[in-house]
Amino acid sequence: MPSQLEVENVTVAFGGRRALDGVDLRAEPGRVTGLIGPNGAGKSTLFDVISGLRKPVNGSVALDGREITKLGPARRARLGMSRTFQRLELFGRLSVRDNLLVAAEMGPDRKVASAVVDGLLDRLDLRAIADTTADALSTGMGRLVEVGRALAARPSILLLDEPAAGQDREETERFSALLRTVADDGVAVLLVEHDMELVMEVCDTVHVLDLGKILSVGTPDEVRSDERVITAYLGAT
Ligand SMILES: Nc1ncnc2c1ncn2[C@@H]1O[C@H](COP(=O)(O)OP(=O)(O)O)[C@@H](O)[C@H]1O
Ligand SMILES: [Mg+2]
């Protein structure tokens, strides 16, 4: 089921300070949409608003034209929204397989959960570590399993918060190919990531957030050559 995300004029304040200030953003099915910007720009806070963990003081979030601003995270998950967290949220004492299974059983059809997990173990090349407990994984592998966990619910929109942090170059390259196949399946992918090589390679559109405001939107080439983006972010990396 295609899923278009529309964020309009979202504002969030923490103790009087605006972490997000009138943010607009769109993510479309079949596309990888990037969200980049310096630490503290508000990227994870925007993910919290989109996934229903934080209510904005102003603005709206819509999925497929339906306003979901007031829905909680569980309802949004049932509408096909899935996310990963910057801080890993795996069950440390469960195996990789069981982490995926728990998520798959929350997906649209419980009966196919074990088949979904089997498919993901192959697709993400996790067979060799299927019985390893999550807390024994490297950060890079843990992030891949976290993405697997998000995919196990068979989302139509997938929010990824710095999924490649801690991955080595080879892991990132495989990850980049995986993201393209996820988008090719019709999923709307929204990607927060500092790895510019990955962002430039995999994203169709990039939004740049700085100090709670969208500074620039465009293709990777357009934002990369935007003077404001270079000054606020790229120049510093
Ligand atoms: N729960 C919170 N309480 C107060 N301030 C917060 C909270 N979460 C985030 N912030 C602040 O909001 C701003 C945006 O943070 P965040 O969304 O985590 O940025 P990013 O993910 O882009 O690094 C930062 O200034 C951060 O300190
Ligand atoms: Mg963050």
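This is a predicted model: local features need pLDDT of at least 70, side-chain atom pairs count only at pLDDT 80 or more; totals for chains, interfaces and linings use all residues.
Trainee: Okay, metal site. Which residues coordinate the magnesium ion?

Mentor: S44 through OG and Q86 through OE1. The distances run from 2.2 to 2.3 Å.

Trainee: Where do S44 and Q86 lie?

Mentor: S44 is in helix α1. Q86 is in the loop between β6 (81-83) and α3 (96-104). The two are 42 residues apart in sequence, so the pair ties together separate parts of the chain.

Trainee: And how accessible are S44 and Q86?

Mentor: S44 has a relative accessible area of 23%, so it counts as partly exposed. Q86 is also partly exposed, with 34%.

Trainee: Switching to ligand 1. Which residues surround it?

Mentor: The list is F14, R17, A19, P38, N39, G40, A41, G42, K43, S44, T45 and R54. Note that S44 is on that list and also coordinates the magnesium ion.

Trainee: What about G40 and R17?

Mentor: For G40, a backbone N or O atom is 2.7 Å from a ligand 1 oxygen. For R17, a side-chain N or O atom is 3.3 Å from an oxygen of ligand 1.

Trainee: Now the sheets. What is the strand order in the open sheet with 4 strands?

Mentor: The order is β2-β1-β4-β5, with antiparallel pairing. The edge strands are β2 (17-27) and β5 (66-67), and each pairs on one side only.

Trainee: What packs on that sheet?

Mentor: Helix α1, residues 43-51. It touches β1 (5-14), β2 and β4. The direction of α1 makes about 120 degrees with that of β1.

Trainee: How many bridges join β4 to β5?

Mentor: There are 2, and the strands run antiparallel. β4 covers residues 58-63. A62 stands opposite E67 in β5.

Trainee: What holds paired strands together in general?

Mentor: Strands of a sheet pair through backbone hydrogen bonds, in either a parallel or an antiparallel sense.

Trainee: Next, β8. Is it enclosed or open?

Mentor: Largely enclosed by the rest of the structure, because 5 of the 5 residues in β8 (188-192) are buried. A188, L190 and V192 point one way. V189 and L191 point the other way.

Trainee: Which strands pair with β8, and in what sense?

Mentor: β3 (residues 32-36) pairs with β8 in the parallel sense over 4 bridges. β7 (residues 157-161) is joined to β8 by 5 bridges, and those strands run parallel too.

Trainee: Let's do single residues. Is R149 buried or exposed?

Mentor: Buried, because its relative accessible area is 16% and the cut-off is under 20%. R149 lies in helix α5, residues 139-152.

Trainee: What does the R149 side chain reach?

Mentor: The backbone oxygen of R83, at 3.3 Å. Beyond its sequence neighbours within four places, R149 is in contact with several residues, including T84, F85, L90 and N99.

Trainee: And S216?

Mentor: S216 is in strand β10, residues 213-218. It counts as buried at 7% relative accessibility. Its side chain makes a polar contact with the D226 side chain at 2.8 Å.

Trainee: What about A183, buried or exposed?

Mentor: Buried, with a relative accessible area of 1%. A183 is in helix α6, residues 169-184. Leaving out residues up to four places away, A183 touches G30, R31, V32 and V189. V189 is one of the β8 residues.

Trainee: Last one. Is T231 buried or exposed?

Mentor: Exposed, at 66% relative accessibility. T231 is found in helix α9, residues 227-232. Its side chain reaches the backbone oxygen of E227 at 2.9 Å.

Methods. Residues are numbered from 1 along each chain as its sequence is written. Chains are lettered from A and ligands numbered from 1 in the order in which they are written. Side-chain values use heavy atoms; hydrogens and water are left out. Two strands pair if DSSP finds at least two bridges between them. Contact means heavy atoms within 4.5 Å. Axes are lines fitted to C-alpha atoms, for helices over the stretch in contact, and angles run from 0 to 180 degrees between N-to-C directions. Buried means under 20% relative accessible area, exposed over 50%, partly exposed in between (1.4 Å probe, protein chains only). A polar contact is a pair of N or O atoms within 3.5 Å; within protein, one must be able to donate a hydrogen and the other to accept it, and residues adjacent in sequence count only if both atoms are side-chain atoms. Donors are N, O and S atoms within 2.8 Å of the metal (3.2 Å for Na, K and Ca); water is not among the atoms, so sites may look incomplete. A residue is near a molecule or strand if one of its heavy atoms lies within 4 Å of it.
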